[in-house]
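Good morning, and thank you for coming. Please look at the sequence and the structure on the screen while I go through two parts of this model.

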Amino acid sequence: MPKLLITGASGLLGANLVLECAKNYSVIAVYHRHPIHLKDVASVRVDLTDERAVEKLISAARPDWVVHCAAETNVDRCEQDHAHALLMNRDMAGWVARAAMRCNASFVHISTDAVFDGRRSGLNEQDAAAPPNVYGRSKLEGENEVLKECPAALVVRTNFFGWNAHKKHSLAEWFLDTLQRNKQCNGFSDIKVKMLLVNDLIAILLQMIERRLSGIYHVLARDCISKYEFGVRLAAEFELDKKLIKSVGVEEVGLRAVRALNLCLSTEKIEGVLRKKLPSVTEGLRKFHQLQLADYPHRLKVIAGDPQTE
Ligand SMILES: NC(=O)c1ccc[n+]([C@@H]2O[C@H](COP(=O)([O-])OP(=O)(O)OC[C@H]3O[C@@H](n4cnc5c(N)ncnc54)[C@H](OP(=O)(O)O)[C@@H]3O)[C@@H](O)[C@H]2O)c1
């Protein structure tokens, strides 16, 4: 079986990737503060901000593939601490890419739609990125470091929702939890995104890996909707009260970092390669619900070692 080393294995994308790949790959799950344990998966705790530890980890593991999901994803924390953002999203990515390159492993780097400023929709991979905040800037610099260290890397700009293993809420989990408790919440009507279900993203990533793609790709849902509309569609899927969601503008809330308003990037490049349309947001939400009915969130909690689920 090919050996797949996953960084950020305790995060939203990483934990789902571990669970979905454990059957067909020999998986090495790298976490930092939140353990991940699954039968037949090697789990390793490493602080990837230590350059020597990165080198040691990858040269000892000798993976065929490295999928780099570890990052600082808290946009407002990045705005508050530029040095931390650059260490996590630029330097760490470059070190992991270099170590992968040294042991001839193929490298997949997870980036974000937020490298764009959101003034225009339909931007493609050749359009110049213009990050509106420190998070986006640090991720763009991460992409550049990765491609400098490992020119054949695959860089995937994405945005997603799904079920988390550890105690953290994706946008969908947050709306669901709030609405189920009959609490009111805000939904941004001026931020438009193309969020994929993380499990659909993983299926596409694995096809990209199989085809040995390299270079930058936008991998997002087929359609573009506001975060408010996302909440409304989730409420419809779970038969909850959509009137609890208040439509607000992002400026009304006063977040620390500026947010891009329109991140509806073009996905034509990947759709052309795979010769198919990517899933829609509504399809993603339906599958998100089906996964809940199939007890999938519980399986994730078990690999996170949540004692309430044992
Ligand atoms: N979530 C989204 O909607 C979204 C949107 C666009 C792009 N992305 C990109 O997708 C990727 C994955 O995002 P995510 O939401 O799955 O991330 P996440 O849930 O925030 O998880 C971050 C991961 O990074 C690990 N990490 C943090 N500091 C570390 C360190 N010093 N050493 C080693 N590992 C460390 C964490 O490990 P511990 O928890 O064990 O400390 C965790 O596994 C990121 O590159 C992100 O920029 C995410």
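How do the residues of the shell around the ligand divide into nonpolar, polar and charged? In this predicted model, eleven of them are nonpolar, eleven are polar and three are charged.

Let me stay with the ligand for a moment. It is surrounded by 25 residues, and the closest are G8, G11, H32, R33 and A71. Two elements give two or more residues each to this shell: helix 1, residues 12-21, and strand 5, residues 106-112. Helix 1 supplies the largest share, with three residues.

Strand 5 pairs with strand 6 in the parallel sense, and five bridges connect them. Within this pairing, T112 has T158 of strand 6 as its bridge partner. Between strand 5 and strand 6, the chain passes through helix 5, residues 134-149, and this β-α-β crossover is right-handed.

What, then, lies on the other pairing of strand 6? Strand 6 is also joined by five bridges to strand 11, residues 215-219, and these two run parallel. Here V155 stands opposite I216 of strand 11.

Finally, are the residues of strand 6 buried or exposed? Strand 6 covers residues 154-158, and five of its five residues are buried.

Thank you for your attention.

How values were computed: Residues are numbered from 1 along each chain as its sequence is written. This is a predicted model: local features need pLDDT of at least 70, side-chain atom pairs count only at pLDDT 80 or more; totals for chains, interfaces and linings use all residues. A residue is near a molecule or strand if its C-beta atom, placed from the backbone, lies within 6 Å of it. Helices (H or I, at least four residues) and strands (E, at least two) are DSSP runs, numbered from the N terminus. Ala, Val, Leu, Ile, Met, Phe, Trp, Tyr, Cys and Pro count as nonpolar, Asp, Glu, Lys and Arg as charged, and the others, Gly among them, as polar. A residue is buried if 20 or more other C-beta atoms lie within 10 Å of its own, exposed if 12 or fewer, and partly exposed in between; C-beta atoms are placed from the backbone. Two strands pair if DSSP finds at least two bridges between them. A crossover is right-handed if, with the strands pointing away from the viewer, the path from the first strand over the helix to the second runs clockwise.
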